[in-house]
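Visitor: I'm new to this one. Could you walk me through it?

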Amino acid sequence: MIIGAGAIGGTVGAVLARAGAPVVLVARGRHAEVLASAGMKLRTPDGTFQTAVTAASGPGEVRLTERDVLVFATKTQQLDAALQEWVDQPVHGRDGAVGTAGAVLPALTALNGVAAEEKALRYFRRVFGVCVWLPAVHLEPGEVIVRSWPVAGQLHIARWPASLATEADAHLLAGLAETWGAAGLVVRLPADVAPWKYNKLLSNLGNAVGALSADPADSHEVVAALRREGESVLRHAGIEFVSFDTSTAARADGPTIRPVPGWDAGQSNSTWQSLSRGTGNVETDFLNGEIVRLAHRHGVGAPLNAAIAQAAREAARNGVGPGGYSASGLEQLVGVGRAD
């Protein structure tokens with residue numbers, strides 16, 4: 001069950017469906033309607049593929065069984081509602097209901113940031129953190145633009161927290177890695193996924209810059225300053241994270257971005273997509289805001305990340321599309337050269 005069929009969830013669900021794996025994509029509104037009637041259109045560097053999928057708009061349209069796995073792929077700001085919607089759904093065995101989804105089924109959190117796993121633990125007993133490297137864009141109903149093909153993405157997955165891992169978890173993940181790998185999703189199974197997720201968090205600190213800047217290529221100094229501040233806060237908090245050298249090397253057999261015919265790549269990160277669609281909210285408070293939270297928690301400051309998070313919130317609230325700041329405007333806004 002892929003709950004949230006946007007860029008990440010839509011790609012994962014569609015490539016699994018293409019490979020013949022049993023999968024249901026859960027979406028809302030017009031997106032759900034198009035998926036149910038026409039399937040998912042995958043626009044890739046190697047062409048466009050129309051893929052038939054099984055779609056649902058909520059748990060009332062599915063019958064959960066003991067063999068199901070729930071993959072949450074919403075934005076973090078939408079996750080609480082999704083968790084609450086699914087946690088108490090009955091799970092059926094051969095002789096009837098065997099419990100609720102929260103008590104019985106594994107829940108995978110395929111989201112940016114590091115807040116999703118702790119949120120999920122409020123509701124689900126078996127939580128698996130997922131570090132996602134998957135360059136995809138979702139802007140139109142029934143369509144995702146997958147910028148790497150035939151390897152669409154790379155996922156690091158482990159039990160959260162790692163100390164709770166069991167043989168049953170290892171068996172589940174090994175089977176998942178085999179099935180998903182055959183579909184074009186490279187799955188790695190580290191002992192602990194948390195350091196990988198903090199590495200990805202640092203990488204995602206530049207998302208708001210890419211979304212807000214009219215010339216992202218000229219805003220690298222702002223991104224570098226945000227990441228330096230982020231690394232400093234993580235070290236102060238005693239949080240381990242994988243180095244960029246290590247994560248770059250690990251992605252050698254992962255997705256390779258190539259041009260997609262008819263798609264002007266430009267910026268396409270999740271924050272840019274939210275501003276482009278005018279959703280009214282962005283996940284920045286769980287990316288740059290996570291660095292700010294940790295700084296406040298440990299009695300230090302993170303003024304650069306706080307400033308960019310505020311700017312992203314204001315853009316979302318005011319319905320401002322991407323590209324509202326020049327590179328120099330962002331430097332002035334964040335305070336690069338003063339506070340870093």
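This is a predicted model: local features need pLDDT of at least 70, side-chain atom pairs count only at pLDDT 80 or more; totals for chains, interfaces and linings use all residues.

Visitor: How many helices and strands does the chain have?
Guide: Helices (H or I, at least four residues) and strands (E, at least two) are DSSP runs, numbered from the N terminus. Going by that, the chain comes to 14 helices and 15 strands.

Visitor: What is the radius of gyration of the chain?
Guide: The radius is taken over C-alpha atoms, and the globule rule is 2.2 Å times the number of residues to the power 0.38. For 340 residues, a compact globule would come out near 20 Å. The chain agrees with that, at 20 Å.

Visitor: What share of the residues is buried?
Guide: Buried means under 20% relative accessible area, exposed over 50%, and partly exposed in between (1.4 Å probe, protein chains only). Of the 340 residues in the chain, the buried ones make up 54%.

Visitor: How many salt bridges does a search of the whole structure find?
Guide: Side chains of opposite charge can pair when their charged atoms come close. Here, a salt bridge is a side-chain nitrogen of Lys or Arg within 4 Å of a carboxyl oxygen of Asp or Glu. Searching the whole structure that way gives 12.

Visitor: How many residues apart in sequence are the parts tied together by Arg 258 and Asp 46?
Guide: These two side chains form a salt bridge, 3.1 Å from N to O. Arg 258 sits in the loop between α10 (244-250) and α11 (270-277), while Asp 46 is in the loop between β3 (40-44) and β4 (47-51). Arg 258 is partly exposed at 31% relative accessibility, and Asp 46 is partly exposed at 44%. So the parts that the pair ties together are apart in sequence by 212 residues.

Visitor: Asp 169 and Arg 126: are they buried or exposed?
Guide: They form a salt bridge with their closest N and O atoms 2.8 Å apart. Asp 169 lies in helix α6 and Arg 126 in strand β11, so the pair ties together parts 43 residues apart in sequence. Arg 159 is linked with them in a network of salt bridges. As for Asp 169 and Arg 126, both are buried.

Visitor: And Arg 235, is that buried or exposed?
Guide: Arg 235 meets Glu 231 in a salt bridge of 3.3 Å, N to O. Being four residues apart in helix α9, they are separated by about one helical turn. Glu 231 is buried at 19% relative accessible area, whereas Arg 235, at 54%, is exposed.

Visitor: Which residues is Ser 203 in contact with, leaving aside neighbours within four places in sequence?
Guide: Ser 203 belongs to helix α7 and counts as buried, at 18% relative accessibility. Contact means heavy atoms within 4.5 Å. With those neighbours set aside, the partners of Ser 203 are Trp 133, Arg 227 and Phe 244.

Visitor: What separates the C-alpha atoms of Thr 271 and Gly 335?
Guide: Thr 271 lies in helix α11, and at 2% relative accessibility Thr 271 counts as buried. Along the chain, Gly 335 is 64 residues from Thr 271, and their C-alpha atoms are separated by 21 Å.

Notes
Residues are numbered from 1 along each chain as its sequence is written. Side-chain values use heavy atoms; hydrogens and water are left out.
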